[in-house]
Amino acid sequence: MTGSKTFYLTTPIYYVNDVPHIGHAYTTLACDVLARFMRLDGYDVKFLTGTDEHGQKVEKSAMNAGIAPQEFTDRVSKNFRDLVSLMNFSNDDFIRTTEPRHIASVQELWRRLESAGEIYLGSYAGWYSVRDEAFYGEDELTTSPSGKKIAPTGAECEWVEEPSYFFRLSAWQDRLLEFYEQNPDFIAPAGKRNEVMAFVKSGLKDLSVSRTTFKWGIPVPGNPDHIMYVWLDALANYITAVGFPDESGEYAKYWPANLHMVGKDILRFHAVYWPAFLMAAKLAPPKRVFAHGWWTIEGQKMSKSLGNVIAPETLVNTYGLDQTRYFLLREVPFGNDGDFSHKQMVQRINGNLANDYGNLVQRSLSMIGKNCGAAVPQPGAFTEADDALLGAARNLLPIVRAEIRSQSFHKALDAIWAVIGDGNRYVDEQAPWALKKTDPARMATVLYVLAETIRHLAILTQPIMPEASAKILDQLAQGPEARGFDRLGAGGALVAGTPLPTPQGVFPRYVDEAKS
Ligand code: MSP
């Protein structure tokens, strides 16, 4: 690790009014894969996640639960920390917006905005959705049969009229558009970038950034009757975690963040409000915001009332951890909406994992175990077919790197699975079991080529499936020091004669109980 190349990436911080579900696990998983990838690729990574604990929504949930907001948030925030170990996430920090470090950071951000003349006191009269913690214009709303005002997200809105501080967002319209033009990769995918730009072009109104009708939040410095708007509070977590307001140390090292990963529902906050707040406070905006799609369950929207909310534990207990991680990032082109179905999950487990990857590994390693004295075989001269397979494996890194770095996880996996397919065809064509009697030296070469291909595959699948990949690398006697991407290619090649442990299956088939 050189320490000179840094990569800072963040998940949204999760509202603690809810228990974690597959949607939350998805956002953090995508970041985890990217963080692991960048570390293996030699970067000094900071990967942040956490919980969003203030605001009216959380205050209401605490009230409904009959406990004080702080006790409530302590309890529910823990569910999100438990999700970290359940899903094997490798975050370097877990921030809670109720922590003193965050309160100090948000208040300093406020002061800087105020002293730059970007905030003024006025009064707000308009619609607010507690569920979305967002303000809506009359023109954006529809009326339900019972006369309620409904936001485009389906959330109910209420009329709010109170004194409020405003952020001069309207003044940032042109500078934001200029910023998007100059930084074409700032918002991804491209379709989402167009949506955001159209929204900004349609005109920005000043944004209400404080409320006086509830208490659960960070007081405005100098006017504690006002509680800061929960989105201003929440977004600032990204700079708190690198030490803001101290701008030396981690802030100097990691800010601006390389990537904020968000769901499509919260893109506007990250791609419009957040860079405007930062630029107004004379701080650098982040480099990129990626908006991923939403999961439905067996074709239906996930909702408590439908009772179809999937807890990440259920997936992990039913299908296995690495299987779940693999499915979520392989099934759907990242950025699109996707549907979770048991049938598709089983097909992926039995097809891609058991039949393709698992079978390649298992048959190769068990032949080596039985026929090569349980040690890395000694290869002879390579044929064209050998070179083709080794070449494909050794050329994977730049392909996979480009896809992962543009958050095309599914394409990175397609590229890896193309080589798994090549490997399986190579085994069938070379038929090492037949060579055992006719040409044992050639058999040893074929098995060496396979082992070396598998070494590449297992190093590259570590970010997605850390446990399964580690088991495969154990079986190739590749210790922790031999697992970085610097070991890919001929330089890190397996050494003939290295003793290997007894092979064991890594990707079991999933059998539906009803059918077994
Ligand atoms: N607290 C805010 C974020 C503040 S960031 C400064 C918030 N929290 S949330 O808990 O409601 O949502 C967090 C993330 O979960 C969002 O990125 C959202 O898109 C994601 N998902 C929630 N349900 C989802 C699905 N059904 N599918 C995929 N992701 C979903 O918003």
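Biologist: Which residue stands opposite Ile297 in β19?

Modeller: Two strands pair if DSSP finds at least two bridges between them; here Ile297 stands opposite Phe340 in β19. Strand β17 (residues 295-297) is joined to β19 by three bridges, and the two run parallel. Residues are numbered from 1 along each chain as its sequence is written, and this is a predicted model, in which local features need pLDDT of at least 70, side-chain atom pairs count only at pLDDT 80 or more, and totals for chains, interfaces and linings use all residues. Side-chain values use heavy atoms, with hydrogens and water left out.

Biologist: In what order do the three strands of that open sheet lie?

Modeller: Strands are DSSP runs of E with at least two residues, helices are runs of H or I with at least four, and both are numbered from the N terminus. The order here is β18-β17-β19, with mixed pairing, and the edge strands, each pairing on one side only, are β18 (300-301) and β19 (338-340).

Biologist: Are the residues of strand β16 buried or exposed?

Modeller: Buried means under 20% relative accessible area, exposed over 50%, and partly exposed in between, with a 1.4 Å probe and protein chains only. In β16 (residues 289-292), Val289 and Ala291 point one way while Phe290 and His292 point the other, and all are buried.

Biologist: At what angle do helices α5 and α10 pack?

Modeller: Axes are lines fitted to C-alpha atoms, for helices over the stretch in contact, and angles between N-to-C directions run from 0 to 180 degrees. Helix α5 (residues 173-182) and helix α10 (residues 267-280) pack at about 105°, their axes lying 10 Å apart. That makes α5 roughly perpendicular to α10, the class for 65 to 115 degrees, whereas under 35 is roughly parallel, over 145 roughly antiparallel and the rest oblique. Contact means heavy atoms within 4.5 Å, and it is made by Leu176, Phe179 and Tyr180 of α5 with Ala271, Val272, Pro275, Ala276 and Met279 of α10.

Biologist: Which strands does α10 touch when it packs on a sheet?

Modeller: The sheet in question is open, has four strands in the order β6-β5-β9-β11, and is antiparallel in its pairing. Its edge strands are β6 (134-136) and β11 (207-208), each pairing on one side only. Strands β5 (residues 119-129) and β9 (residues 158-167) pair over 10 bridges in the antiparallel sense, with Ser123 opposite Pro163 in β9. Helix α10 touches β6, β9 and β11 of this sheet, and its direction makes about 35° with that of β9.

Biologist: Where is Leu476 found, and which residues does Leu476 contact beyond its neighbours within four places in sequence?

Modeller: Leu476 is found in the segment after α19 (466-475), and Leu476 is buried, with a relative accessible area of 0%. Leaving aside those sequence neighbours, Leu476 is in contact with Leu365, Ala451, Ile454, Arg455, Leu494 and Leu500. Leu494 lies 18 residues from Leu476 along the chain, with their C-alpha atoms separated by 8.3 Å.
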